[in-house]
Amino acid sequence: LDCMHGKMLCRLRASTSAVSKARMATLVATEEFPIKASLSPKATTATVIKSNTVEGGLQVITRDCTSSFVSLKFAVAGGSSAETTNTRGSANLLATAAFAGNTNRSGMELVHHLESVGASFHAYADKEKIVYDVKVLADQAESAIAAVVNAIALPPRAGYVLDELKDVAQLEYNKFAANPSAQLRELVQEAAFGEGSPLGASRFTGSLKKLSAAQALEFRSAQFVRGNVVIAANGISQERLGAVLGKTVGEIPTGEAWNTSALPFVGSDVKVRADLDGVSRVGLAFPVPAGEAGKPYAVLNALLAAKLSSQKQCASAFLDTFRHNSLFGVEMAGQASGVAQQLEAVVAELKNIAAQCPSIDAVKQKLTLEYFLALEGTCSTEKLLCAHLRGLNAQSVGDLRSVTPASVSAAAAASLNANPAYAVLGATAGTPSYAAVVNMLK
C-alpha cells in the first residue's frame, strides 16, 4: 500500500508540475506580448487592388482582401545600383540598420514596440531597393505602419550605430562568397549590362571596412525621400492605409524619385578563374522585352527548365526581373567538356522551339497558377511591389493563359539572334569561347 501511495503522489506531483508550467508559460507569453487581438474570422469581401500617389510623391499599392493579418513592404528605391564609388556597401549596411533606431527612438524601443503588437519584421537590400518587410495582425496594423514610417523618416542617432553593425552586414558578403551560383548570376548580369553599369556591378563590390558612417548617411539622405518610397500592402484597404499615412508621411523628407531607365543589353562574356574543385560553372542568358511582350519568354524559360530536368542535366533555368530590364537563361556546372555539351543541348532545344513550339497549355496553366498562389499567399506584397515598380498590373502580369505557341517560337528565334550574355566561373580552361557560343546560336 505504501508503494502504491507513493506512486500516486509522484503522478499527482508530475501532473501539478505540468499544469504549473503551462500556467507559467501562459503568464510569460501574456506579459511579453500584451496583445488584445480579435482572431474571429472576418466577413468575406471582394478583393480590390488599388494604387495611388500621396503627398510628396510617395506611392502606395494595396490589395484589400479578407485576411486576419496585414503584410507590407516599404521599399526605398535605390539599392546598390544607386551607389557611387564612395558609397559602395551603403544599401546593405542601411538594410542591416533598418530597425536599429533613429534620432527619435532607440533600436531597442523600436523593436520592443513592434514586438509588443506581435509584428514579424526584417529588412533586406538588392540592386534596386532597400525593403522593410512587416507582417502584423490586422487590428494592430496602424501602430506598426506608423513605427516603420518613422524608422524610414529619420537616420540613426549617431554614426557609431552603423559602425557597430558592419560585422553583421558583412555576413551577407560572406554568404555571397560561399555561394558560387549567386556569384555566377552576378557575372551573367555583368556580361549582360556591362561592368560599370548599375545592373552590371555586383551588389558586393567594395569593402564595408572602407565605407564610413558619414558616406552611408550621405547615401541615405539622398535616397530616403518621399518620392523614392513605395509601399505595397496586402490585407488592408487603400483608404485605411491612407489615413495612417496622412498622419505620418510628413515625417519623411521631401525629394525627387531616383531617376532610372532601361539599360541596353550589350551581351558579352566574363570569365573568372576560381578554385571550385575543378568544376566549371557556366551561365548563358538572353534579353527579355518589357511588358506583355515578355510573357512568352516566361513560358520559353519553363520549357527549357523542363527539358533540362528530363535529360537529368546538372543545369537549371532562371529568370531575373528588374525594374526596366529582364533576362532569362540557364546555369550549368560540370567539367569543361561536359558544360560544352550542355550548352549545345540548350541551344538545340532553343532551335527546336523556334522551328516548332510544342504544346504549352500545361506549362502556361501551371505558371499562371503559381503566380496567383503567390499573389494571394505569403508572397503577395512581393508580387504587388514588383509589378508596380515595373508599371504593370499586378493582377494580370502573371496570367500567361493568352500566350500562344507562335509567340513562344518567336521568342526563341529572337533569343537565337541576340548577342547573349555568357559567364564562366571556376575552371575556365577548355570552356567554349564567346565566339564559339555565338556560332552555336546561328
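1. Helix α7, helix α10 (295-310), strand β9 (315-321), helix α12 (361-375) and helix α13 (380-389) each supply at least two residues of the lining of the largest pocket. Helix α13 gives the largest share, 6 residues. Helices (H or I, at least four residues) and strands (E, at least two) are DSSP runs, numbered from the N terminus.

2. The model is predicted: local features need pLDDT of at least 70, side-chain atom pairs count only at pLDDT 80 or more, and totals for chains, interfaces and linings use all residues. Residues are numbered from 1 along each chain as its sequence is written, and side-chain values use heavy atoms, with hydrogens and water left out.

3. The volume of the largest pocket is about 1,300 Å³. Its lining has 45 residues, and L319, D320, T321, K383 and C386 lie nearest the centre. By class the lining divides into 20 nonpolar, 10 polar and 15 charged residues. Here Ala, Val, Leu, Ile, Met, Phe, Trp, Tyr, Cys and Pro count as nonpolar, Asp, Glu, Lys and Arg as charged, and the others, Gly among them, as polar.

4. On a 1 Å grid over the protein atoms alone, a pocket is an open set of points with protein on both sides within 12 Å along at least five of seven lines, a cavity is a set where a 1.4 Å probe fits but cannot get out, and lining residues have an atom within 4 Å of a point. Points are joined across faces, edges and corners, and a volume is the space filled by probe spheres set on them.

5. The second largest pocket has a volume of about 150 Å³. Helix α2, strand β4 (120-125) and helix α6 each supply at least two lining residues, with the largest share, 4 residues, from α6. Among the lining residues are N92, Y124, E172, K175 and R203. The classes are 6 nonpolar, 2 polar and 3 charged.

6. The whole structure holds 4 cavities of 30 Å³ or more. The largest cavity contains about 60 Å³ of space, and its lining includes L94, Y132, P156, R220 and F224. That lining has 8 nonpolar residues, 1 polar and 1 charged.

7. There are 9 aromatic pairs, where rings of Phe, Tyr and Trp (its six-membered ring) pair if their centres lie within 6.5 Å; planes under 30 degrees apart count as stacked, over 60 as edge-to-face and the rest as tilted. F176 and F204 are stacked because their ring centres are 4.5 Å apart and their planes are at 20°. F176 lies in helix α6 (residues 166-177) and F204 in the loop between α7 (180-193) and α8 (213-223), so the pair ties together parts 28 residues apart in sequence. Both F176 and F204 are buried (under 20% relative accessible area; exposed is over 50%, partly exposed in between; 1.4 Å probe, protein chains only).

8. F193 and F265 make an edge-to-face pair, 5.8 Å centre to centre with 75° between the planes. F193 is in helix α7 and F265 in the loop between α9 (238-248) and β7 (269-273), 72 residues apart. F193 has 5% relative accessibility and so counts as buried.

9. A91 sits in helix α2 (residues 90-96) and is buried, at a relative accessible area of 1%. Not counting residues up to four places away in sequence, A91 touches G79, S80, E83, A125, I130 and F219, contact meaning heavy atoms within 4.5 Å.
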